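Please keep the sequence and the 3D view at hand while reading.

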Amino acid sequence: MHKDNQPLIFEITKEGRVGYNLPELDVPAVDLATLLPQGMQRVEEAELPEVSELDIMRHYTALSNRNHGVDSGFYPLGSCTMKYNPKINESVARFPGFANIHPLQDESSVQGAMELMYELQESLVEITGMDEVTLQPAAGAHGEWTALMMIRAFHEANGDTHRTKVIVPDSAHGTNPASATVAGFETITVKSNEEGLVDLEDLRRVVGPDTAALMLTNPNTLGLFEENILELAEIIHGVGGKLYYDGANLNAVMSKARPGDMGFDCVHLNLHKTFTGPHGGGGPGSGPVGVKADLIPFLPSPVLVKEDDQYTFDYNRPQTIGRVKPFYGNFGINVRAYTYIRSMGPDGLKAVTEYAVLNANYMMRRLEEHFDLPYNRHCKHEFVLSGRRQKKLGVRTLDMAKRLLDFGYHPPTIYFPLNVEEGMMIEPTETESKETLDAFCDAMIQIAKEVEENPEIVQNAPHTTVINRLDETKAARKPVLRYIKA
Amino acid sequence: MKHRYLPMTEQDQKEMLGVIGISAIDELFADIPEKVRFTGEYNIKPAKAESALLKELSALADKNADSRKYASFLGAGVYDHFKPIIVDHVISRSEFYTAYTPYQPEISQGELQAIFEFQTMICELTGMDLANSSMYDGGTALAEAANLSAGHTKRKKVLVSEAVHPEYIDVVKMYTKGQNISVVTVPTKDGVTDLAKLEELVDEETAAVLVQYPNFFGQIEDLTKVEQLTHAQKALFVVSANPLALGLLTPPGKFGADITVGDAQPFGISEAFGGPHCGFFAVTTKLMRKVPGRLVGETTDEEGRRGYVLTLQAREQHIRRDKATSNICSNQALNALAASVAMTALGKKGVQEMATQNIVKTHYAKQAFEKAGFEVPYQGAHFNEIVVKVNGSLADTNKVLLEKGIIGGFDLGRVNSDLQNHVLIAVTEQRTKEEIDALVQEMGALYA
Ligand SMILES: Cc1ncc(COP(=O)(O)O)c(C=O)c1O
């Protein structure tokens with residue numbers, strides 16, 4: 001084994017060590033053989049680690065030192081809204097009255113939790129301009145699929161069973177078409193025009209009586225506001241389709257424009273983006289869905305309602321699509337989002353959007369000379385650069401991303417959206433200071449210079465990380481997906 | 001606007017506007033059509049400062065009866081278990097919880113390795129060949145297993161035992177709707193899947209048979225027979241398992257399960273009013289390329305150092321878009337980390353000891369209920385739940401128990417009209433003999 005390998009927990013295990021102590025059994029012991037019939041009790045023990053408590057803390061501390069989070073440094077990962085995760089959120093979510101309550105308790109014993117959910121729903125109704133919100137979906141993609149199932153149920157309730165197609169722009173996030181498939185729709189791609197916006201002509205061409213919905217991200221994944229939004233809505237509504245809002249980019253328009261006022265019929269939000277749910281290394285998230293009045297009957301069951309100052313779950317929803325998740329959603333993330341909304345207030349949320357957009361435009365202008373800027377207009381909370389100039393010099397966007405690691409930064413989202421060659425999608429968020437933005441821009445400019453003067457240093461990056469570029473082909477060719485004792 | 005999360009100063013703003021070449025931030029929003037521009041402020045509550053907000057929200061939390069203050073006998077898929085104190089210490093390291101999905105492996109080795117270890121532990125417990133990095137929860141994991149089975153077998157019907165968690169069944173019905181897969185439920189007999197009925201229902205159109213282990217009623221299904229009936233029709237055998245029980249029970253993999261799913265909540269994850277928890281998804285090698293969600297694999301760098309990457313991504317939405325095996329993107333990574341820490345702390349011996357305590361304490365409760373004159377209708381082998389029949393309504397029982405400091409069991413009449421006056425009681429290692437005795441005594445007093 002290579003001397004620099006970080007040991008797996010299974011490699012530091014030693015027979016006889018323990019990392020726990022349970023209280024002594026205080027009821028009479030019983031021979032398990034009398035409680036479990038033959039064959040039911042496992043013969044081979046599960047090979048879990050045998051380590052002490054300090055072993056565990058050292059192990060995970062070492063792992064955390066090999067990981068970069070927002071608290072470690074700037075993380076301008078476009079589309080992901082890597083803003084600061086407030087610590088008060090973590091404390092509140094861990095209050096015993098929120099963390100240690102059971103979803104099936106008598107409603108009278110969880111009124112505080114239900115009140116918080118209700119208040120969050122109401123806040124999101126106001127923020128999105130929709131008529132009602134469900135907190136049940138666990139993440140953005142889950143919310144997309146939930147809303148599409150509601151759209152499907154809506155059309156079916158109208159006897160409209162031939163609406164089999166969902167239209168998705170070529171710049172859309174991958175979950176949009178994937179969710180359409182899971183919901184049983186066929187995906188039709190609509191092109192972007194040379195300004196990076198949905199091509200209205202192409203849209204008119206693809207819509208028809210078979211259109212169930214158009215899924216739109218606004219601002220789109222290029223960070224550009226779809227300024228023809230009213231025409232788009234008219235085209236879709238004109239053929240009887242529904243307009244869907246992918247709210248992953250809400251950080252760009254809070255207090256400036258509401259999906260409900262733009263003609264959208266439903267929306268999902270990523271509370272783990274705009275509303276500071278921590279990303280957790282990949283989750284958990286929370287993906288509430290907001291709808292306009294005509295979709296309310298189809299909301300997932302149960303629906304949280306308030307009756308005479310009491311909160312209750314309403315299961316009597318004859319037209320509901322059903323249940324998309326056991327219980328009521330990722331409550332713990334919803335607690336964090338609510339805490340955040342209450343920490344910001346209306347003026348705070350407005351400032352969030354203004355500063356997020358100001359930061360993005362500032363960076364875009366500082367970098368535009370040094371990289372190609374395919375869409376040169378004010379952006380919203382993020383912008384996309386192209387590395388095609390550098391590619392001509394033999395350096396790919398991937399290389400520049402890796403070089404950024406040497407400067408202590410998490411790189412931008414790269415090669416997305418798909419309609420930009422060698423794309424780099426940069427989202428600073430409002431919680432970063434001008435000094436941080438400047439330092440990052442300086443690093444980007446230096447890398448652009450290196451590409452011209454000393455491309456190898458970029459091509460061979462990173463140089464300072466605990467590990468170099470990994471062999472992904474090898475990982476996929478003969479997958480090793482678990483540890484097996486040598 | 002001055003706020004501790006917003007570092008922008010007036011000076012910064014002036015300089016930045018200058019570089020952009022505009023005079024006011026509003027100009028950046030000029031592309032929003034006037035007709036849809038929102039000009040006011042949201043009608044939401046005003047901001048509160050940290051100390052005031054903490055006070056308000058802790059008062060809200062205190063309105064709830066929590067399992068720190070009350071002795072909880074409520075299970076039905078979510079359990080009050082021992083959570084090693086170090087779990088929160090590890091997942092509070094912000095290098096973990098403030099990171100995104102590990103797209104840049106060079107600076108995400110910590111998360112990637114932690115997931116690789118999680119995948120390994122799930123394989124060890126389930127006896128399966130490989131496991132993914134997590135799903136939203138046990139219910140959606142089971143539903144994805146149903147969809148995978150239909151896609152793999154090209155059949156359009158799944159059978160699900162009525163001894164599966166009713167909310168899981170609801171989610172299965174929901175997910176399969178989009179794929180036009182029909183869901184047929186298999187009745188139970190004596191609290192377990194009725195094998196005669198299963199034999200009648202399973203046929204060459206069946207994509208999968210879904211059972212729960214231990215099942216919703218706490219009973220331990222006979223997986224040998226279910227496997228035989230399922231595979232005889234070349235359907236996939238899908239087991240939704242409680243991973244803690246698997247510390248002690250013969251793992252589904254040993255019974256020939258094709259897919260084992262479940263929720264890792266019993267390992268270090270708070271009840272949290274039902275979420276976030278942590279679904280897991282484990283399969284045999286033949287289904288490797290059909291698995292939903294993220295997989296972490298081992299590889300090396302140019303210098304031969306071992307490292308970990310997201311792999312087999314050609315299954316996923318960001319590559320395959322509408323052809324992906326699932327739409328899942330964000331998963332439950334931080335809770336998978338929590339579960340890994342708990343599984344590591346308990347370790348090889350601890351999971352067995354904890355699982356044993358669950359069985360033995362539940363057995364004690366069962367005997368105590370029987371001694372007190374209650375009927376316990378299902379007499380098969382159980383894990384940490386039993387069904388108790390009471391003579392009278394359960395409508396107000398839990399309110400009365402609450403006054404005595406007890407969170408009572410789950411009223412099965414809420415989900416099954418045949419089970420009016422039956423309550424599902426969970427007894428974990430957290431419950432003391434004294435608490436169990438108190439529960440039986442209080443229930444005895446109510447139904448004397
Ligand atoms: C534009 C957009 N839509 C949808 C999603 C999916 O959200 P989630 O990862 O929470 O499922 C994302 C995030 O990855 C996104 O950026």
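## Terms and numbering

Helices (H or I, at least four residues) and strands (E, at least two) are DSSP runs, numbered from the N terminus. The model is a predicted one, in which local features need pLDDT of at least 70 and side-chain atom pairs count only at pLDDT 80 or more, while totals for chains, interfaces and linings use all residues. Residues are numbered from 1 along each chain as its sequence is written, chains are lettered from A and ligands numbered from 1 in the order in which they are written, and side-chain values use heavy atoms, with hydrogens and water left out.

## The ligand and its shell

The ligand lies between chains A and B, and 15 residues surround it, the closest being S79(A), D246(A), H272(A), K273(A) and S330(B); a residue counts as near if one of its heavy atoms lies within 4 Å of the molecule. Helix 6 of chain A (residues 140-157) supplies the largest share of this shell, three residues. By class, the shell holds five nonpolar, seven polar and three charged residues, where Ala, Val, Leu, Ile, Met, Phe, Trp, Tyr, Cys and Pro count as nonpolar, Asp, Glu, Lys and Arg as charged, and the others, Gly among them, as polar.

Which atoms of G140(A) and A141(A) lie 2.7 Å from an oxygen atom of the ligand? For G140(A) it is a backbone N or O atom, and for A141(A) it is likewise a backbone N or O atom, whereas N270(A) places a polar side-chain atom 3.1 Å from a ligand oxygen. Taken alone the ligand exposes 390 Å², of which the protein buries 99%; such accessible areas come from the Shrake-Rupley method with a 1.4 Å probe.

## The largest pocket

A pocket is found on a 1 Å grid over the protein atoms alone, as an open set of points where a 1.4 Å probe fits, with protein on both sides within 12 Å along at least five of seven lines, and its lining residues have an atom within 4 Å of a point. The largest pocket holds about 1,000 Å³ of space, a volume being the space filled by probe spheres set on the points. Its lining has 36 residues, and I414(A), Y103(B), Q313(B), H318(B) and I319(B) lie nearest the centre.

Both chains contribute elements to this lining, including helix 12 (397-406) of chain A and strand 12 (306-310) of chain B, each with at least two residues. Helix 10 of chain B gives the most, three residues, and the lining as a whole has 19 nonpolar, 10 polar and seven charged residues.

Most residues other than glycine have a negative phi, and most peptide bonds are trans. In chain A, the bond from N218(A) to P219(A) is cis, with omega near 0°, and P219(A) sits in the loop between strand 4 (211-217) and helix 9 (229-238). The bond from G283(A) to P284(A) is also cis, with omega near -5°.

Phi is positive, near 45°, at D308(A), in the loop between strand 8 (303-307) and strand 9 (310-314) of chain A. Is D308(A) buried or exposed? Buried means under 20% relative accessible area, exposed over 50%, and partly exposed in between (1.4 Å probe, protein chains only), so D308(A), at 77%, counts as exposed. S134(B) has a positive phi near 140° but is buried, with a relative accessible area of 0%.

Technical notes:
Polar contact = N/O pair within 3.5 Å; in protein donor to acceptor, adjacent residues only side chain to side chain.
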